[in-house]
Amino acid sequence: MLGWIAVAGWAAVGAAGLSVLRMLREELRSDRVIGLLYHRVVPRELYERFWGTELIFSVSVDRFREQLEWLGSAGYHFITLDQLEAHLKHGTALPEKPVCVTFDDGCASVHGQALPVLSELGVPAGVFVTIDEDAWIFHEGEYFERRLSVEELRECAAGGITIGSHAVTHRGLNEMPREEALKELTLSRETLAGWIGEPVRHFAVPLNFYSRETLELAREAGYGSVCTSDDGTSHAGTDPYRIK
């Protein structure tokens with residue numbers, strides 16, 4: 001009995017070691033593309049009052065600026081979601097040490113707090129918007145914000161922020177019947193396109209709840225790429241419908 005436990009234990013350690021090695025191999029690639037995921041950007045005095053998970057989902061505006069400035073000074077180059085898609089699909093060249101900045105949910109602080117910093121520093125970004133302003137993500141939790149208004153979305157788009165979809169209700173698409181999930185994908189894309197007057201090509205998975213069918217449905221709904229919250233970085237061989 002103890003012998004079998006020992007074998008199982010060493011097997012687990014071996015598997016963990018291989019996983020770490022694979023991760024290191026990916027992260028040490030010269031062609032890696034870093035995807036940064038933010039949610040809410042808030043004043044420092046507000047951030048200092050957080051105590052729970054909002055410490056993860058928010059960043060203070062001064063810290064946000066520091067992070068972007070450090071990346072620029074360290075030789076990183078900021079790219080758009082369109083550039084990332086073109087690179088993964090067609091091998092289009094990217095600048096050295098590329099970084100793609102994104103926001104999930106579509107909260108008001110993307111316009112009020114992040115956009116001024118992004119504009120001042122000349123950094124492009126993407127925001128994935130949950131279109132239902134009554135969705136739980138805008139009304140529950142330690143801290144929450146309203147959804148970006150249509151006018152704010154247009155100003156974000158005009159200011160260099162690519163508008164993408166984060167579905168309709170911010171629920172797990174892999175937990176829905178196929179037709180309902182497809183409707184969330186299609187309706188959000190069409191609605192956002194109508195609001196900003198231009199095509200919407202990119203999608204980010206709410207809650208990171210997805211399956212292979214979810215990614216196939218996103219392709220069927222007309223998206224050119226899908227961003228996940230999976231750990232790691234992307235590279236030339238990454239599936240554009242499963243960006244890390």
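In which helix does Lys-89 lie? The points below concern a predicted model and begin with that residue.

1. Placement of Lys-89. The residue belongs to helix α5, which spans residues 81-90. Lys-89 has a relative accessible area of 33% and is therefore classed as partly exposed, since that class lies between the 20% limit for buried and the 50% limit for exposed residues.

2. Surroundings of Lys-89. Beyond residues up to four places away in sequence, Lys-89 touches Arg-201, Gly-224, Pro-240 and Tyr-241.

3. The buried face of α5. Leu-81, Leu-84, Glu-85, His-87 and Leu-88 are buried in this helix. These residues lie on the same side of α5, because they cover an arc of only 165° around the axis. The cover over the buried residues of α5 includes the strands β5 (98-105), β6 (125-129), β7 (161-165), β8 (202-204) and β9 (225-227).

4. The end of α5. Gly-91 follows the helix, and its phi is positive, near 75°.

5. His-39. This residue is placed in the loop between β1 (34-38) and β2 (40-42). His-39 is buried, because its relative accessible area of 12% falls under the 20% limit. Apart from neighbours within four places in sequence, the contacts of His-39 are Phe-57, Phe-103, Asp-104, Asp-105 and Val-110.

How values were computed. Residues numbered from 1 in each chain as written. Predicted model: local features only at pLDDT ≥ 70, side-chain atom pairs only at ≥ 80, totals over all residues. Heavy atoms only, no water. Helix = DSSP H or I, 4+ residues; strand = E, 2+ residues; numbered from the N terminus. Buried < 20%, exposed > 50% of the residue type's maximum accessible area, 1.4 Å probe, protein only. Contact = heavy atoms within 4.5 Å. Arc of directions from axis to C-beta.
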